[in-house]
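Thanks for coming, everyone. I have one chain to show you today, so please look at the screen.

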Amino acid sequence: MEEEIFECQQCGYCCQGETTVSLTDDDLQRMVDYIGIPEKEVKEKYLRITGNVIQMKIVDGHCIFFDKGCTVHPGKPWRCSQWPLHPSILKDRNNFEAISTSCPGIKTNLGYEKFCEILSSLIRAKEHK
């Protein structure tokens with residue numbers, strides 16, 4: 001059903017900026033498992049740790065794992081996998097416009113109402129898992 005409203009283009013627009021998302025313990029473990037090297041090495045090579053906040057490092061304005069697409073796609077943080085299908089789209093059409101302008105994977109041809117109908121179903125399904 002997600003493919004009805006979104007198909008990731010691996011463009012990297014969502015992977016750029018001065019910061020990245022914070023990792024949960026589950027995110028860190030998934031990433032370590034996917035990369036296949038010890039956690040200590042993953043932290044040293046790829047992560048920025050400030051107090052209790054763990055984020056991916058930034059290289060040349062992008063997440064360290066971006067190289068013509070996400071190089072850890074199956075092991076990426078849950079917040080990355082949520083984007084761009086963010087619940088804020090349902091609350092404000094302006095959020096839909098802003099997000100769809102920056103994300104070429106959003107299928108805007110459906111129109112806002114139909115998009116929200118499908119997104120609502122997806123969110124409900126995830127909540128009931």
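Let's start with charge. The chain carries 16 positive and 19 negative side chains. Lys and Arg count as positive, Asp and Glu as negative, while His and the chain ends are not counted. The centres of the two sets lie 1 Å apart. For that, the place of a charge is taken as NZ of Lys, CZ of Arg, CG of Asp or CD of Glu.

Now the ground rules. This is a predicted model, where local features need pLDDT of at least 70 and side-chain atom pairs count only at pLDDT 80 or more, while totals for chains, interfaces and linings use all residues. Residues are numbered from 1 along each chain as its sequence is written, and side-chain values use heavy atoms, with hydrogens and water left out.

Next, the overall layout. There are six helices and four strands. Both are DSSP runs, numbered from the N terminus: helices are H or I with at least four residues, strands are E with at least two. Along the sequence the pattern reads α-α-β-β-β-β-α-α-α-α. The C-alpha atoms fill a box of roughly 45 × 35 × 25 Å, taken along the principal axes.

What about the surface? The chain exposes about 8100 Å², and carbon and sulfur atoms supply 50% of it. Those areas come from the Shrake-Rupley method with a 1.4 Å probe; for residues, only the protein chains shown count as cover. Of the 129 residues, 31% count as buried. Buried means under 20% relative accessible area, exposed means over 50%, and partly exposed is in between (1.4 Å probe, protein chains only).

One more number for the whole chain. Take the contacts with a separation of 6 or more: residues 24 or more positions apart account for 62% of them. A contact here means heavy atoms within 4.5 Å.

Let's zoom in on Gln55. Gln55 sits in strand β2, residues 53-56. Is Gln55 buried or exposed? Gln55 counts as buried, because its relative accessibility is 14%. Its side chain reaches the backbone oxygen of Thr20 at 2.6 Å. A second polar contact, of 2.5 Å, joins the side chains of Gln55 and Arg48. A polar contact is a pair of N or O atoms within 3.5 Å; within protein, one must be able to donate a hydrogen and the other to accept it, and residues adjacent in sequence count only if both atoms are side-chain atoms. Leave out residues up to four places away in sequence, and Gln55 still touches several others, including Thr19, Val21, Leu23 and Tyr46.

On to Pro77, in the loop between β4 and α3. Pro77 has a relative accessible area of 1%, so it is buried. Beyond its neighbours within four places in sequence, Pro77 is in contact with Val21, Leu23, Asp27, Arg30, Met31 and Met56.

Asp60 lies between β3 (58-59) and β4 (62-63). Its phi is near 50 degrees, a positive value in a residue other than glycine. Asp60 counts as exposed because its relative accessibility is 76%. Lys68 is in the loop between β4 and α3 (78-82). Phi of Lys68 is near 60 degrees, again positive in a residue other than glycine. Lys68 is exposed too, since its relative accessibility is 76%.

Now Ser88, in helix α4, residues 88-91. Its side chain makes a polar contact of 3.0 Å with the side chain of His86. Setting aside neighbours within four places in sequence, Ser88 is in contact with Asn95 and Ile99.

Last stop: the aromatic rings. How many aromatic pairs does a search of the whole structure find? It finds three. Rings of Phe, Tyr and Trp (its six-membered ring) pair if their centres lie within 6.5 Å; planes under 30 degrees apart count as stacked, over 60 as edge-to-face and the rest as tilted. Phe96 and Tyr112 form a tilted pair, 5.3 Å centre to centre, with 55 degrees between the planes. This pair links distant parts of the chain: Phe96 is in helix α5 (residues 93-102) and Tyr112 in helix α6 (residues 112-127), 16 residues apart. Both Phe96 and Tyr112 are buried. Phe96 also forms a tilted pair with Phe115, at 4.9 Å and 55 degrees. Here Phe96 in α5 and Phe115 in α6 are 19 residues apart. Phe115 is buried, as is Phe96. Together, Phe96, Tyr112 and Phe115 form one aromatic cluster.
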